[in-house]
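Here is a short report on one structure. It covers a helix contact, a domain contact and a sheet.

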Amino acid sequence: MAAVTTPHTGHHEPDPTESYLGGETGIKSWIFTLDHKRIGVMYLISVTIAFLMGGVFALLVRTEHLSHGRTIMDADTYNRMFSLHGVVMVFLFIIPSIPAAMGNIILPIQLGTKDVAFPRLNLMSLYIYIIGACFGLYSMVHGGVDTGWTFYTPYSSSDPAHGGVGTPAAVLPMTLAAFIMGFSSILTGVNFIATVHKMRAPGLTWRRLPLFIWALYATSIIQVLATPVLAITLLLLTMERFLGLGIFDPHLGGDPVLYQHFFWFYSHPAVYIMIVPGMGVVSEIIATFARREVVGYMFVAMSSLGLALVGFLVWGHHLFVAGMSEYAAMVFSALTFLVAIPSGVKVFNWVATLYKGSISLESPMLWGLGFIFLFTIGGLTGLFLGMLAVDVHLHDTYFVVAHFHYVMVGGTVMGFVGGLHYWWPKFTGKMYDEKMARVGFAFVFVGFNVTFLTQFVIGSRGMPRRYYNYLPEYELGHQISTIGSYLLGLGFFVLLVMFIQSLRNGKPAPRNPWGSAALEWQTPSPPPLYNFITDPIITRGPYDYHLATEAELDEGWAELDARLAAPKKAHVDHDKPHAHGTSLSGDDATAAKLDADAEAGKDTTADPDGKMDDADPDAKPEKKSDDSDDGEKD
Amino acid sequence: MSTEATPATDAHDDHGHGAPDAPAAGHGHAHPKWLAHHFDTPAQQFDTAKLGMWAFLIQELLFFSGLFVCYGIYRSWYPHMFVESSHQLNKLMGGANTIVLLFSSLTAALAVRSSQTGNKQATSRFLIITMLCACAFLVIKFFEYRHKFETGCLPGPYFHPHELSHGATLPGNAHIFYSIYFMMTGVHGVHVLIGIGVIFWVWRRNERGDFSKEYFTPVDLVALYWHLVDLVWIYLFPLLYLI
Amino acid sequence: MILAPETFQLPRSMSAEAPSGDALYMDIYWFSLVFLVLITGAMLYFVVKYRRKKGVRPERTRDLTKLEIFWTITPLIFLVIIFHVSFETYVKNATAAEGAMEIRVRGKKWSWEFEYPNGSREAKELTLPVNKPVKFILSSDDVIHSFFVREFRVKRDAVPGQYSYIAVTPTELGDAQIFCAEFCGTSHSDMLGTVHVVTDEQFRKHLDEMDKMPEVCGDTGKEQCTPALWGRTLFVKNGCPTCHSVDGSKGNAPSLKGVFGTLQPLTQGPDVMADENYVRESILRPQAKIVKGFTNTQMPLFVFKDPQTDALIAYVKSLK
């Protein structure tokens, strides 16, 4: 570090050491922010609200099934509840959950850059998402939809107000909501693709990319290629209901099965938009808590892209009983099995990573291991459904419901919550109560399995999905499942309380609480506005634990102890970001600068050759400006 | 970090960017006004923007692809109906629109060229011509639509064909052709409208003097978008009007 | 429970098609269980064995390309095998036996209606003779439904505006449960029904007892009204014989004799198989597909209700 960190001259110039949560506060500094971390935090809050809302719908649905016949609501209400559960969970929660919320915060930090490629576009995505969500809410207050999240025609498109045979529900605002939110997803994808390609820190080669980035990159490709097809499909559906286009409506000469092809051409790849980022999170967690590079790094990275590719070719398996020719069914069944290959590669490699690792079972790792177990079940039950002869019986039963919940909840939600535990100290600068985290995990894990293992059984015994009422013989199964769902809900409630407590009075988080070698843990918690105090130059991969010393990996806590022991010193102050003003007095500024230098110096200890600075300037021709330079445009 | 950085004249000359005028040495004043804080070099910013735009254009293509697939499927199911119905479209107006759009694509490309050479006035002139062509396109389209409304060649339940040219009668399900026709040209028309909006925005910025030999990315990206709008029409015209 | 035998996981099986699918189900179930136990076992074993200990360094990950290729290729071989087996079973089960009894199944919100070959109709209850192959011809009057007979292990969507088929042979006496498996609105979960599988004798008796379809036979007023006969009535009443002969002689329009079940050359596009869907389209949208050698596009548009269309199709089918 050649100490040229320029003093703060212009008052617009952000303090390079100030946490992103500090600095400017107030509502305007959030809603007009271009900082990817703040945008990510706003996403995180939005998707969490959506998740709670979807969860409440789910619990209502389960409660209705406590007894045969009517329990708490009538059939129309039930149909709206399960549809809203699906729509909210898919479009408002799962799709933006890991990429847009968590990825937004972590992706640029893992790439060692200051922001995503297009910060304004990023903020725009958030607002498009929120506008879409408002349309969704509008639909809900007008009674919601009862079409399921799939909006199958002609039930969704044929308006009884014009003599049609479909639903009278407020379908238009809900399809518009999904249409609008699709653009949010597309723009995030465009942004991430450009960021990963062009914004990597010097030295961060493709082979050194964290697996989470590979996963987000694969996800972004799907978002850009598949979501527009959903957009045009929903537009056609909207026009169909509004004007009677006749493309999907059999009563006007259209073909409703064509809609299903269009819909699943997006929505099957969308399954990989949901699961691939979760896999990326788990790869990070496994590597960190086993202190070992993920076995078969390139295979795991490529399997994400493989899933993205194969995901486009298998939509037909949703239509096995919808009236496809045997040959089309054959092709789709064969392609469907191909999905098992990259999924299997990932699972094998994760387990192999544990072999001869140095494993610690802190709460994020529990979620990671839970993911592997549940996702394996989800994947294996997918084999049942890919087999044509078996699928005919299982199609549209609770077996399918259980299968995709094992993938979506056992996979994505476990990945999301695990990632939240893992990066929480980085996001907020606070630790959470580990005991509560374990209790929460136990409830979620047990509750989830009770809920959905039971559903496999009632499903294979023939219970169709989306049924308000059921035959008395399924009552016991439904009751067990409902009790499981209460445990599941309780688990998430515990976690919610835990995270809120952590925000209010959590212990300050050290820079690197888990002893990870990955880049995002080398910057303060929470990170400064431009993510790093000095622009990083990457000289080792994110999983190069063999280059790290034991002391270095535990250094995060040591640093925190030292910091807490000397509170008088004017500090970078990660732990109390709000206590800090924007301008420092001269002395403080110097101290902060020194501290920053020290901090940055520490970063370099990972690599004896000095990975950040101190090298001669010729070694880094790409970097010509320091982030603390003035004269930039805001 | 050392700020004795190499002058910012590196890697990006091949993109037609001149070096920024800043004397990159010393205080690291290499960031020109238009270079966003999170980019290191103008070349990086330009390449990133271009890559993002291409990703967006691919998205646009897939958006239209849904309609093209619809067209393909229904045409293969009802080839006779498609031929009969397409005879009712006005080839002359469609052809005129094709020429108008092709010409506007040329002027859009010229606008980029003149902006690369720093010729602000020429850039403005070409942008205005492009906008005028876009408006002309919409006017012609309006007359076409009006004729369709008059003869009842409309989607779905509004389909009541009468006074057709060549005294033809249309097959009973021809309304599907018009559904597809109106969706395709309608969605394309919305893109033309958006195009007028963004070209106007770029024109304003050009008038304000935002662009220079070194920085013309928005002009370039908007022209790319406009070429895509043109390209889609190049496919729509023969598919709907000619074959 | 996890090790539960077939009878716990699957409902009773009552058709010739069910056992092969059930056997596949159980095969893949055992495979999955073993696989899951192995993966989870290895995971837990490693977690315990390699718990973090002071001073013990994790072993550096080596390049294991051979192992990677091994566990990419091995599952592929396995997947090819199960795909092959399951597809063969599927095709075998999907093909209807020669001379299968045709039952029309119409879904409408929220009930199933069945029509026997002799024209008798029933709602929600279907009676079938044991060990006789049956072909269900599914259609829907409004939205998409899905005809699911649990004990037969068959399921197919009933899509409005087109026909789809299921082939099945009941093999056990007793009752089978019918569900609607595609969401269709308020009372979707009440769109149930029962299949009574009975002996041949009981089946004939049941047919005799059932009401015929006087309301649909209209002015024929005959005792022996079948869909084909009703179709002929409609055919004559609507003036179809003016152009369409039924004896093979060429008129303004193609003769309908022997058309059903053959490939028809068209003026544009590839040949088309004259099945239920094609005949229906030709009745309701006469200009959609025109048979080669005919230029006439003057056939008027008819508006038929679905049962009437079905009857006309039955009539065309009977013109051998």
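Which residues in α10(A) and α2(C) meet?

The model is predicted. From α10(A) come Val347(A), Val351(A) and Leu354(A). They meet Ile39(C), Ala42(C), Met43(C), Phe46(C) and Val47(C) in α2(C). The residues of this contact divide into 8 nonpolar, no polar and no charged.

## Domains of chain A

The domain assignment gives chain A a domain 1 (39–505) and a domain 2 (519–617). Each domain puts 22 residues into the contact.

On the domain 1 side, α3 (75–111) and α13 (398–428) of chain A each supply at least two residues. The residues of that side divide into 11 nonpolar, 5 polar and 6 charged.

## Sheet in chain C

Chain C has an open sheet of 5 strands, in the order β3-β2-β1-β5-β8. The pairing is mixed. Which strands stand at the edges? They are β3 (121–123) and β8 (164–168) of chain C. Each has a single partner strand, so one side of each is left without a neighbour in the sheet. The twist averages 25° from one strand to the next.

Strand β5 (residues 134–140) of chain C runs antiparallel to β8(C), and 5 bridges join them. Ile137(C) stands opposite Tyr165(C) in β8(C).

Key:
Residues are numbered from 1 along each chain as its sequence is written. Chains are lettered from A and ligands numbered from 1 in the order in which they are written. This is a predicted model: local features need pLDDT of at least 70, side-chain atom pairs count only at pLDDT 80 or more; totals for chains, interfaces and linings use all residues. Two residues are in contact if their C-beta atoms, placed from the backbone, lie within 7 Å. Helices (H or I, at least four residues) and strands (E, at least two) are DSSP runs, numbered from the N terminus. Ala, Val, Leu, Ile, Met, Phe, Trp, Tyr, Cys and Pro count as nonpolar, Asp, Glu, Lys and Arg as charged, and the others, Gly among them, as polar. Domain bounds come from an automatic or database domain assignment. Two strands pair if DSSP finds at least two bridges between them. Axes are lines fitted to C-alpha atoms, for helices over the stretch in contact, and angles run from 0 to 180 degrees between N-to-C directions.
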